[in-house]
Each structure stands twice: as structure tokens, then as C-alpha cells.
Amino acid sequence: MDVLQTPIEYLKGVGPNRANMLKQELNIFTFQDLLHFFPHRYIDRSTFYKIKDLPENSSEVQIKGRVIKTELIPQKRGKRLVATFSDGENTMELVWFRGHQWIKESLKLNTDYVIFGRLNWYGKRPNIPHPEMEIEEHFNKGFSKKLQAVYPSTEKLLSKGISQRVMIKMMEELLRTLKNPFLETLTENLLNTYHFIDKNEALKNIHFPIDQNTLTAAQNRLKYEELFYLQLQLLMKNLQRKQKIKGFVFQKVGAHFNNFFEHHLPFDLTEAQKKVVREIRKDTGDGKQMNRLLQGDVGSGKTIVALLTMLIAADNGFQSCLMAPTEILAKQHFQSLKSLIGDLGISLALLTGSSTKKEREELAIALEEGSLNLLIGTHAVIEDRVKFKNLGLAVVDEQHRFGVAQRAKLWRKNKIPPHVLVMTATPIPRTLAMSVYGDLDISVIDELPPGRKQVKTFHRYDSNRLKVFKFLSDEIEKGRQIYIVYPLIQESEKMDYKDLMDGYESISRAFPAPKYQISIVHGKMNAKDKDYEMDRFLKKQTQIMVATTVIEVGVNIPNASVMVIESAERFGLSQLHQLRGRVGRGNDQSYCILMSSHKLSNEAKTRLETMTATTDGFKIAEVDLKLRGPGDLMGTQQSGILQLKIADIIKDNQWLKTARSDAHQLLRADPQLNAQSNLRLKQTLAKMKTYQNIWNYIS
Ligand code: ADP
Ligand code: MG
């Protein structure tokens, strides 16, 4: 057996208790896991301070000296242990609030120590609470002490005595135990291209760097390696899927498509739309299963692309389904598709959580006998009890509300999985998208339909509300409609509800009936009431729609030309962008007004400034990514890209690109990695497969 797979409890000094803590808290099960548990920072242990030269702040310092006495001093609750520490010239105090007994017993008086810790100033007198202490003789004998690793830790680990010091001891023990050098995992060619240090040096130096340069070299190499293997696996998986998984062949473009294209299409497709339709056409026609992500900013016209694809499916005798994240959106899709299709002879139906039993029963029959071509709905569509005769295409709108698991469920609907088109209006930068959705091919609509006016965006403070209201009434005068949106955050739903109601009241006062009519839509209403209110707005019976973010996704009301976002500082960038996308859909100049208080965090300021500066969804996504990190990006949660051990998808974006293109090139030349020069890669991949616990995120 590979010695690296030894369970962690067999490491000297780790018994069952510590092993359990390591498993629970850090997911460290084996030697391998520990070896790949990388420090998140390093502290400089090459400098020693004299007590008289200590910096008057709370930095971490290292001092040589001796303990000359200890004393237990009573305090309000319990006692503290105070040691007087001398560097030969001056003295200072070391303080412990816990673990007195053990420390008192293990401290050796008048012995040379190296101590390390964070300074605490009590007036002019420095002390160090809970310092790390090591007898100087041991300190000098240990691994290099120039840069000391600091490992990620948890409260629980610390409370169970697994301190940084213990972690370091374990690493030392591990490296002693693993006597043989670590095998190289990158090809000679890659090592030469980037002048990487070898694997063995890299692993040793990442834990115990001999100097800063070598540490940097180790970090670069390991980051690259991690990203490279991630990309290699994703690309291989994609290749395999294309080779192995058979898909339905949509052989022809037939009457439905042609008829629609020639007689019903209300506008010319943009070049970007045409390009995507061609990509889809190619995918669905060649016998492989399509798995395609369609990215396109709000309003870029994804729906029509979906419809055209569904028509091709119908032309080939297949059913399609389209799923939307909310009931409102599903209904809107249903209605707009219905009117687009007209008398084309395609049958379509709607299925949502509020479909009645009778409706469901009728639908089930039509679905199973195949007389229904197109099913539109919410998540209800993928429930197991919904059975199709021959589902050939599934379209998922607004991907970010849809989990990977749900996508997988779709794939299982037939023996042969349907072609899948996932549409998202939350653009994420391309390289990231490729990593996150590595198993999907990507199409982008990067062009808006002609004649769209840019939405003008302003940031206004609450104190300017009267002016804003004046502006709104002027717009209403011109016949426009207005959205006013309030935040809705799960944790404080009650408070948000109150904000919404207060807002509604003050707006009702500023825009009194009967001259003005106001709709209100929020999450607590039942679907029927929501629809009623939406409908009134759609029919222009109301001029103002007060709502929470339930309207965020997809709603299309071209006459609404002003979007007011209340407490805009509480929204994330992608949400703000989505909301703004509700306006600017008609021919009129549209506006987005971001209301906020004066109290803004730097981050909130950046968000609002970004919104007023650009309407480009991709630019906004870049900023969003920088502000929040990929962890909060919609859709990335389950992707595993976050569980990287050393690379950082944002900071190391350049490495990511390089690694991806290297992996690409390699596979193009040698798809099975059979060449002798790629042997290391093949062997490493095989190991990764065997020991899934390490790389289990690339399933
Ligand atoms: P999204 O990509 O946000 O889903 P939609 O598909 O809802 O965008 O399209 C937004 C609006 O643009 C719709 O009213 C649609 O009819 C219109 N549209 C789509 N494509 C074009 C085009 N090529 N030319 C003109 N209008 C278009
Ligand atoms: Mg849409």
C-alpha cells in the first residue's frame, strides 16, 4: 500500500483522540491529507527582539531569554499565571489565563528559551499572553525556523490542545516518517517550461521553507499543479462524456422551425444569437449529448434561442421542457412562448406548484402519450412522478437558482439523457466559468438586440427622497411605470417585511389614490394574489409596483422604465444588476435609481459605484468576484472549485489560464495520455481516482 494512505492515527504523537479531531475539524484522514494540508500564512522567525526595542503595537515578536520566576495572581474570576521573563537586560511578563498547572510544571526556570507571541501593552509595560515557548537548544535543532508555517485552525482544535505548535510537530514527524522522496507528478516538459522546483522540494518547503524565494517557488509549483490537475480532469471528463454518452440526434431542421423562422419570428436575430443557434444545432445533430451553458446578459434574448432549439426538438419528434426558478417567471415564459408559437401546431402546457390535481392528471396523460410537445414550469417539472414519452431537450433558465444536483436529476429522466441547455444571466468571467462548469460547453450572447438604450443609473441618498419622488411622478406623467424594490434577506424576514410595508405606506402617501394606483408583490403572498397584482401592473392599471426581490428574475414589462432600489447597499452586485435588467426593455429611456443611507461600507460604496459606472454584466461580475470571492458566486457552491488546497481562483487566475491551456494542449496531442512522457500524469490521475477522498470534489 501507498504509505501516504496510512490512517492519520498511526502517525507518532497522534493517537485516536487527536485523530478524531483532525478528521472532524480538518478532514484529515491520512498521511496524504496531512501532507497536503497547507499553511495559510508564514511568520518570520528569523528576527529576535530585545525587550527594550519591542514595537509599541500588537505585532508578533520573538525574543530569546529565561524565565526567572512564576507567580499565580488572583483576579476577578480565577487566577492568572505570570512569568517574569528576562532577556538578560530587561524583563517583561508572560501571562496565562488557562492551563496554569501544566505550564507551571513544564516551564524550566533559568533555561534559555525562544518565545514567540503577540504583544499586549499594559500602559508602557509589554506582556505576551499565552506565548509559544521552545527551549533554545531544541529550537536550533528543529527544521528551519526562518519562516514558520501557520496552519488554518479552529476554536475547537485549539481548545483540544491542537495548537500551531502541535501542528508543526506533527508535520515534522510526518516528514521524518515519510523517508523516501515524494514522486514527481509533473512532466519534465512542464517542469522545464516554468522552471518549477521538483515535487519533493516543493512539499518540504511549503511546510518548512528554507527561505522566502524557495517558499515562493514551492507555492507557485503547487498552485500550478493543483490547477493543472483540476483542469486535466475536467477536460478529460468532458472528452469522455462526448465520446461515451450517446445523445439523441436531432437530424433535421424541419417544418416547425422553418415555419416559425420565416413567418413568426418578430425580429431579426442578432449575430450573437445566430452564432449560438449554430453551436446548439451542431451539438444536437452529431449524436453526442449536449450539455451547454448559455450565458447572456439580461435582455440579450436567450428565450428565443431556447424556443428555436425546442422547435428543432419538435421537428425530430422529441418533447422539450423549460424550467424556471419561480412561478411568476414560469408563467411569463409560458405566456410569451404561447403567443410566439401562435398557430404553429405545437402544444404546450404549464406545470407549477399550484397546478391542480386535475390539471396534473391531464398533463400526465398528454406527456406520456407524447401529444404534448413542450412543458414549461418550475422545479415541479423534474419531480419523479412527471414522466415524459421522449424528453429530448431540457432548458433550464436562470441557472444560478438551480443546483448541480437538480441538473443531474434531469439527466436521469430518460435512458438516454436529454440535451441540456442551461441559461444564465449571471455572467461569470470566462475562465472561471470553464473551471466551475467544467463539464459544460459554453456559449455566450455578447450583444444586445439593436436599438436598446442604456439604462441610466444614479445613486441617491435617502435624504434626497423628495427629489426622487418628483422625478418618479414626472415619469408617470409621461405614461411610464415604475418598480420600487425592497431587500428581502432570509434572516430578518420580519424586519424586511416591515420595511416593505412602511415603504408602501409612504409611497401611497406620496402617490395618493385615485390618481395613482399601486401594486404590491412580496414573498408572503400566495401565488394567486401575486399574479393578480402582477397582472394589474402588466395591464397598466397600476403605475407603481412595490415589491421585494421576488420580481428579480426574468419579468418582462417593457413599459416599466424606472427601477428604484431601496437600501441598495444591502444588495449584492449580481442582484442589483439583475434588478436593473427589469427596465430598459422598451423603447423609452430607462433609469435605475439606487437609494441608500449615508452610512456605507467601502464594499457597498464600490458596489454602488460599479453600478453607476457600467451596465456590462461581465465587468460587474469581475468586480463581484473580487469583492466576494468565488464562494459567494451563484452556482459555484457545489462546484468544488472552492475546496482548492492552495490555489486561489482569483489571485491565481493567471496560473489557472496557463494550466488550462497546457492541459488542453496535452490532451489534444495525447488524449489518453499514453505517451511515455506523460506517464507521470497518467499515474497521478490513477492515484487520484483510487483515493477519492483527496480529490473527491472532482467526481
Ligand atoms: P433574456 O436573455 O434576459 O432572457 P429575453 O429573451 O427575455 O432576454 O429577451 C428580452 C427582450 O428582447 C424580449 O422582449 C425579446 O422579445 C427581445 N428580443 C430578443 N431578441 C431580439 C432581437 N434579436 N431583436 C430584437 N428584440 C429581441
Ligand atoms: Mg430570461
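## The ligand site

Which residues are the closest to ligand 1? Asp268, Gly299, Lys302, Thr303 and Arg452 are, out of 16 residues that surround the ligand (a residue counts as near if one of its heavy atoms lies within 4 Å of the molecule).

Some of those residues make polar contacts through their side chains, a polar contact being a pair of N or O atoms within 3.5 Å; within protein, one must be able to donate a hydrogen and the other to accept it, and residues adjacent in sequence count only if both atoms are side-chain atoms. Thr303 puts a polar side-chain atom 2.6 Å from an oxygen atom of ligand 1. For Arg452, a polar side-chain atom also sits 2.6 Å from a ligand oxygen. With Lys302, the distance from a side-chain N or O atom to an oxygen of the ligand is 2.8 Å.

## What the numbers rest on

This is a predicted model, where local features need pLDDT of at least 70 and side-chain atom pairs count only at pLDDT 80 or more, while totals for chains, interfaces and linings use all residues. Residues are numbered from 1 along each chain as its sequence is written, chains are lettered from A and ligands numbered from 1 in the order in which they are written, and side-chain values use heavy atoms, with hydrogens and water left out.

Helices and strands here are DSSP runs numbered from the N terminus (helices H or I, at least four residues; strands E, at least two). Axes are lines fitted to C-alpha atoms, for helices over the stretch in contact, and angles run from 0 to 180 degrees between N-to-C directions.

H8 (residues 199-207) packs on H9 (residues 212-244) at about 115°, with the axes 8 Å apart. The two are therefore roughly perpendicular (65 to 115 degrees; under 35 is roughly parallel, over 145 roughly antiparallel, and the rest oblique). Their crossing is left-handed, meaning the near helix is turned anticlockwise from the far one by less than a right angle, with clockwise being right-handed.

The crossing is right-handed. Contact residues include Phe228 and Leu232 of H9 and Trp655 and Leu666 of H23.

## H13 against H19

The axes of H13 (residues 327-341) and H19 (residues 527-538) come within 11 Å and cross at roughly 55°, so these helices are oblique too. They cross in a right-handed way. Glu327, Ile328 and Lys331 of H13 touch Ala527, Lys530, Asp531 and Met534 of H19, which gives three nonpolar, no polar and four charged residues.

Ala513 and Pro514 are joined by a cis peptide bond, with omega about 0°. Pro514 sits in the loop between H18 (493-510) and S19 (518-521).

Asn110 isn't a glycine, yet its phi is positive, at about 50°. Look for Asn110 in the loop between H3 (100-106) and S5 (113-118).

Key: Contact = heavy atoms within 4.5 Å. Nonpolar A, V, L, I, M, F, W, Y, C, P; charged D, E, K, R; others polar.
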